[in-house]
Amino acid sequence: MVKTKSVVDVKEIPEKIICDACGREIEKINDGIFADYYKIEKTWGYFSEKDGRQDSFDICEKCYDKMLKAIGLQNKISE
Ligand SMILES: [Zn+2]
């Protein structure tokens with residue numbers, strides 16, 4: 001026999017997301033729900049000049065578009 005009791009499970013949700021490039025807040029739609037943004041998480045490997053470095057960036061849509069343009073990828077997007 002299992003007897004149960006009620007417990008409150010607290011979970012962490014993002015309250016605010018800030019673009020690491022321009023510093024603007026990503027638009028909050030609802031609690032824990034935000035406008036879409038570009039999340040980059042990269043651990044550089046041994047055969048790079050950044051061995052072991054962990055990069056993590058949250059980038060808003062406007063800065064994402066600027067980034068693609070800056071590196072010449074804006075014309076390679078598949079619609
Ligand atoms: Zn931005």
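Residues are called buried under 20% relative accessible area, exposed over 50%, and partly exposed in between, with a 1.4 Å probe and protein chains only. The model is predicted, so that local features need pLDDT of at least 70 and side-chain atom pairs count only at pLDDT 80 or more, whereas totals for chains, interfaces and linings use all residues. Residues are numbered from 1 along each chain as its sequence is written, and side-chain values use heavy atoms, with hydrogens and water left out.

By these cut-offs I33 is partly exposed, because its relative accessible area is 45%. This residue is found in strand β2, which covers residues 33–34, where helices (H or I, at least four residues) and strands (E, at least two) are DSSP runs numbered from the N terminus. The C-alpha atoms of I33 and D65, which are 32 residues apart in sequence, lie 21 Å apart in space.

The protein chain contains four strands and one helix, and from the N terminus on these elements follow the order β-β-β-β-α. Its radius of gyration is 19 Å, whereas a compact globule of 79 residues would have a value near 12 Å; the radius is taken over C-alpha atoms, and the globule rule is 2.2 Å times the number of residues to the power 0.38. Along the principal axes, the C-alpha atoms fill a box of roughly 65 × 35 × 25 Å. Of the 79 residues in the protein chain, 13% are buried. The chain exposes about 7,500 Å², of which carbon and sulfur atoms supply 49%, with accessible areas taken from the Shrake-Rupley method with a 1.4 Å probe and, for residues, only the protein chains shown counted as cover. Where contact means heavy atoms within 4.5 Å, 25% of the contacts between residues at least 6 apart in sequence join residues at least 24 apart.

The zinc ion is coordinated by the SG atoms of C19, C22, C60 and C63, at 2.3 to 2.4 Å. Donors are here N, O and S atoms within 2.8 Å of the metal (3.2 Å for Na, K and Ca), and since water is not among the atoms, sites may look incomplete. The arrangement is tetrahedral because the four donor atoms subtend angles of 105 to 113° around the zinc ion, the criterion for four donors being that all angles lie between 85 and 135 degrees. Along the chain, the donors follow the spacing C-x2-C-x37-C-x2-C.

Leaving aside its neighbours within four places in sequence, C63 is in contact with C19, A21 and C22. The C-alpha atoms of C63 and Y38 are 9.1 Å apart in space, and the two residues are 25 apart in sequence. The largest nonpolar core has seven residues, namely I17, C19, I26, F34, I59, C60 and C63; such a core is a set of buried Ala, Val, Leu, Ile, Met, Phe, Trp, Tyr and Cys residues joined through side-chain atoms within 4.5 Å.

L73 is found in the segment after α1, the helix of residues 61–70, and is partly exposed, with a relative accessible area of 34%. Its C-alpha atom is separated by 38 Å from that of K11, which is 62 residues away along the chain.

Key. Four donors count as tetrahedral if all angles lie between 85 and 135 degrees; four count as square planar and six as octahedral if opposite donors are over 155 degrees apart and all others between 65 and 115; anything else is irregular.
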